[in-house]
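Me: I have a predicted model open here and would like a close look at a single part of it. Could you take me through that part and then link it to its surroundings?

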Amino acid sequence: MKLLCSIILTIAISGCAKKQAGTPHVVMTPKDTTKTVADSFNYLALGDSYTIGEAVPDTQSFPYQLAAQLHTQKVLVKKPTIVAVTGWTTDNLIDAIANSGLTGKKYDFVTLLIGVNDQYQGLSQDNYKLKFQQVLNTAIDFVNGDKTKVFVLSIPDWGVTPFAGGRENVIGPQIDQFNAINKSISTAAGVNYLDITAISRQAANDPGLIAPDGLHPSGKMYGLWVGELSVQVGKAF
């Protein structure tokens, strides 16, 4: 019954089925057959629908836009390896990483954006605090302990989207509470932190920042995130 409820909630939050699988899976980068520069960087993106770019083409997701933007800054990045599925909670992400076959592998930098489904599904903030610390420790391990190469993004505020149905006064404060947790843990750990929640709230007055499903960010909004994130990442290399 718990599994059935989880599936129903996952479908509800996704807003569309374009990238929604019947069972959780890891979105892995296909083998890149193009020639790459030997010193190009390996990038791992951990998260949920906001990381895979639900309802927009892959190239408009923030990991792919970030890689493209970094190229213009002469920071060469290979195609991102992405571990993310629409509807995933922090617990789901932890389980997926453990079963992904990536254990022991190292990356040059990692992004982490997780927690919206913890809030949406009504999971406790105490659980989120515990599990976010766990997944952040895993992210740090993926970069061999170099905390300057881990980049945490805050949770966007979906309360301003049409999908929320005018409940922004309830959803927004809850998002802020979850972000207070991930920011506090990130700051204490010494990793990079980027607050993109304010950017997400611009969608209240700009429909062009919302994807066609009425819930997820558009490529335009992801581009605004990347405008700031690429500066952070660029300074790390």
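Reply: Lys 74 sits in the loop between helix 3 and strand 2, and its phi is positive, at about 65 degrees, although it is not a glycine. Most residues other than glycine have a negative phi. Please keep in mind throughout that this is a predicted model. Lys 74 is exposed, with a relative accessible area of 76%, and it follows helix 3 in the chain.

Let's step back into that helix. Helix 3 covers residues 62-72, and its buried residues are Phe 62, Pro 63, Leu 66, Ala 67 and Leu 70. Viewed down the helix axis, these buried residues fall within an arc of 140 degrees, so they line one face of helix 3. As for what lies over them, the cover includes strand 1 (43-47), helix 2 (49-52), strand 2 (81-84), strand 3 (109-112), strand 4 (150-153) and helix 9 (219-235).

Ala 55 lies in the loop between helix 2 and helix 3. Ala 55 also has a positive phi, of about 75 degrees, and is not a glycine. Here the setting is a buried one: the relative accessible area of Ala 55 is 16%, whereas Lys 74 is exposed at 76%.

Helix 2, which is among the elements covering the buried residues of helix 3, contains Thr 51. This threonine is buried, with a relative accessible area of 0%. Leaving aside neighbours within four places in sequence, Thr 51 is in contact with Ala 45, Leu 46, Ser 61, Phe 62, Pro 63, Ile 82, Ala 84 and Leu 113. Two of these partners, Phe 62 and Pro 63, belong to the buried residues of helix 3.

Trp 225 touches Phe 62, along with Tyr 50, Leu 113, Leu 153, Pro 156, Leu 194, Ile 196, Ile 199 and Pro 217, not counting residues up to four places away in sequence. The largest nonpolar core has 68 residues, and of these Leu 136 and Trp 225 touch the most other members. Helix 6 (residues 125-142) gives the most to this core, with seven residues. In soluble globular proteins, nonpolar side chains tend to be buried together.

Tyr 50, Pro 156 and Pro 217 are among the residues that line the largest cavity, and so are Trp 158, His 216 and Met 221. By class, its lining has eight nonpolar, three polar and one charged residues. Val 160, also part of that lining, is in contact with Glu 168. Glu 168 is in helix 7 (residues 168-189) and is partly exposed, with a relative accessible area of 36%.

In helix 4 (residues 90-98), the residues Thr 90, Leu 93, Ile 94, Ala 96 and Ile 97 are buried. Seen down its axis, they fall within an arc of 165 degrees, so these residues line one face of helix 4. Their cover includes strand 1, strand 2, strand 3, helix 5 (116-120) and helix 6. Strand 1, strand 2 and strand 3 are also listed among the cover of helix 3. Ile 94 and Gln 134 are 40 residues apart in sequence, yet their C-alpha atoms are 7.9 Å apart.

Finally, here is the whole chain around this part. Its secondary structure comes to nine helices and five strands, running α-β-α-α-β-α-β-α-α-β-α-β-α-α from the N terminus on. Of the 237 residues, 48% count as buried. Among contacts with a separation of 6 or more, 78% come from residues 24 or more positions apart.

Technical notes
Residues numbered from 1 in each chain as written. Predicted model: local features only at pLDDT ≥ 70, side-chain atom pairs only at ≥ 80, totals over all residues. Heavy atoms only, no water. 1 Å grid on protein atoms, 1.4 Å probe; cavity = no way out; pocket = protein on both sides within 12 Å on 5 of 7 lines; lining within 4 Å. Nonpolar A, V, L, I, M, F, W, Y, C, P; charged D, E, K, R; others polar. Buried < 20%, exposed > 50% of the residue type's maximum accessible area, 1.4 Å probe, protein only. Helix = DSSP H or I, 4+ residues; strand = E, 2+ residues; numbered from the N terminus. Arc of directions from axis to C-beta. Contact = heavy atoms within 4.5 Å. Core = buried A, V, L, I, M, F, W, Y, C linked by side-chain atoms within 4.5 Å.
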